[in-house]
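Subject: Structure handover: pockets and cavities

Hi,

Here is the structure I promised to pass on.

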Amino acid sequence: RVSWWLEKAKSFKRPIFCEAIINALSELVESKQQEQLDEFIEFCNWVLSNPNTVPQHQWRDDREDADPKKRSWSSSHAAVRAFAAKCLSEKAELSQEWRDPIFNLFKQLCTGNDVQLEVPLERESSRNAHRLVSTAINQTRSQALEDLFKYANWVRQAAGTNYDLPEVTELIDQRLAGAPELVDAERVLLAMRFGNLRWLNKDWIESKVSAIFPRQNQELWQACFSAYLTHSRGYLHDFNYLKPEYLHAFRTVALGEEIDKDGDDKDSYLIYKWMGYHLLTFHLSGRIELTSEDDLCMERFYKATQHRKELWADLFNHVGRSLRSWGSEVDAKVVERVKALFEWRFEQAEPKELSEYLFWLDGACLSPEWRMEGFLRTLPFSDDGDVKASMVTDKLHEHFLESHPDLTLKCFAEVTKAAERKRYFYVSKESAIPILKVGLASQNPTTKAFAEEARENLLKAGRFEYLHLEDGSE
């Protein structure tokens, strides 16, 4: 019965029926009803033989008498791509014997017409990575290009992680060579997935960097590099290939220019924001230095962005959040670089930056004493609105009270000094009361004095729930 419908469908005048059939075939494949998979694939090949040259919005699919040459096959081609992707899914559990037929579907999709993708974008779009990425991830040919990585993973799961995939690299070579010509959205997609390309073949990718990041077109290069920066985390293996691109960004992008980050130069803003994230990763891993004769170092980046203090604050916050995610087992050399970075930034004495110390308190790879001393050193640079009293109090209670009560009370007393000055001051009772009780019961007179000072600050702010703590009331 399926065979009859597949043959009958070739005479349909409305491609939307073919799309419906392919969607049904996808469900059959995923439910492991694959006895006629060769016929399914043959039908998909027939669908792809109909060129995708008519935009979907220019043809009404309910006209059975429409000129066959004017029918839109866009949605049917998209259904074929979805079908091929379903063949690679874990649910399908398809054997590797179908490798060549499935890859042939992807090859046709990656090299065929895609009128939706080839519609020229407005000029301002060509310089905006976000629009180009949005275009790429929503059009069939570029989606198929990205699906090549899923195909490669599917093959390597069966054949081994180092298995060579010449069919994939040769197809990408073909596209890079202009058969057919890559549109800007596809170039940005390849740049965004540079890490996946490197994973395909480390030796092959080395000669492709200039094609993926085309410096002969600065606007397109900027969009490609921006897409890469915003969709990766500063992978150290990528740095071996892309260090020249980071240097090119320094030389060609106005990293410190005052621009509207929500306007036309949004990519410029993202380039230096995400480049800062990446450079911090490279520095903390030992790939670049704080200061150096080399063009690529942290000092040069901060000099280039000296008028963007909110960026400095964002990067300082980023380091703290990174420390929080690392845990306690971190290489000693990395820890020393973190400390050196802090001292270097502390010397700059920029209030916006140092007021973002909060998440450094979570860095378990740093000693508790160092973290709390760092907090006390940066606190004078924060105005009352930047103290984040409740979050700091929670962290003092969670991380430090039990092991370092004396220093915890000192920090808490400093935090509460803002209570009387701020109109709205809040600390969690669940954290503040245990801290105060430990301090008030301490045999260390200095610690007890800090507890009394903290309580007095809270009482002045009208927080009378902290009045009688010695008698056990809360």
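A word on the basis: this is a predicted model, in which local features need pLDDT of at least 70 and side-chain atom pairs count only at pLDDT 80 or more, while totals for chains, interfaces and linings use all residues. Residues are numbered from 1 along each chain as its sequence is written, and side-chain values use heavy atoms, with hydrogens and water left out.

Let me start with the largest pocket. H16 gives the largest share of its lining, 6 residues. Helices here are DSSP runs (H or I, at least four residues), numbered from the N terminus. Both H16 (266-284) and H18 (309-326) supply at least two residues of this lining. In total 16 residues line the largest pocket, and Arg233, Thr281, His318, Ser322 and Trp326 are the ones nearest its centre. Its volume is about 360 Å³.

The terms work like this: on a 1 Å grid over the protein atoms alone, a pocket is an open set of points with protein on both sides within 12 Å along at least five of seven lines, a cavity is a set where a 1.4 Å probe fits but cannot get out, and lining residues have an atom within 4 Å of a point. Points are joined across faces, edges and corners, and a volume is the space filled by probe spheres set on them.

By class, the lining of the largest pocket has 8 nonpolar, 7 polar and 1 charged residues. Here Ala, Val, Leu, Ile, Met, Phe, Trp, Tyr, Cys and Pro count as nonpolar, Asp, Glu, Lys and Arg as charged, and the others, Gly among them, as polar.

Next, the second largest pocket, with a volume of about 220 Å³. Its lining includes Arg156, Asp164, Arg198, Trp199 and Lys202, and divides into 5 charged, 3 polar and 2 nonpolar residues. Helices H11 (194-200) and H12 (202-206) each supply at least two of the lining residues, with the largest share, 3 residues, coming from H11.

Finally, the cavities: there are 2 of 30 Å³ or more. The second largest cavity holds about 30 Å³ of space. Among the residues that line this cavity are Leu280, Tyr302, Phe316, Arg345, Glu353 and Trp360. H18 and helix H19 (332-348) are the elements that give two or more residues to that lining, and H18 gives the largest share, 3 residues. By class, the lining of this cavity has 7 nonpolar and 2 charged residues, and no polar ones.

Best wishes
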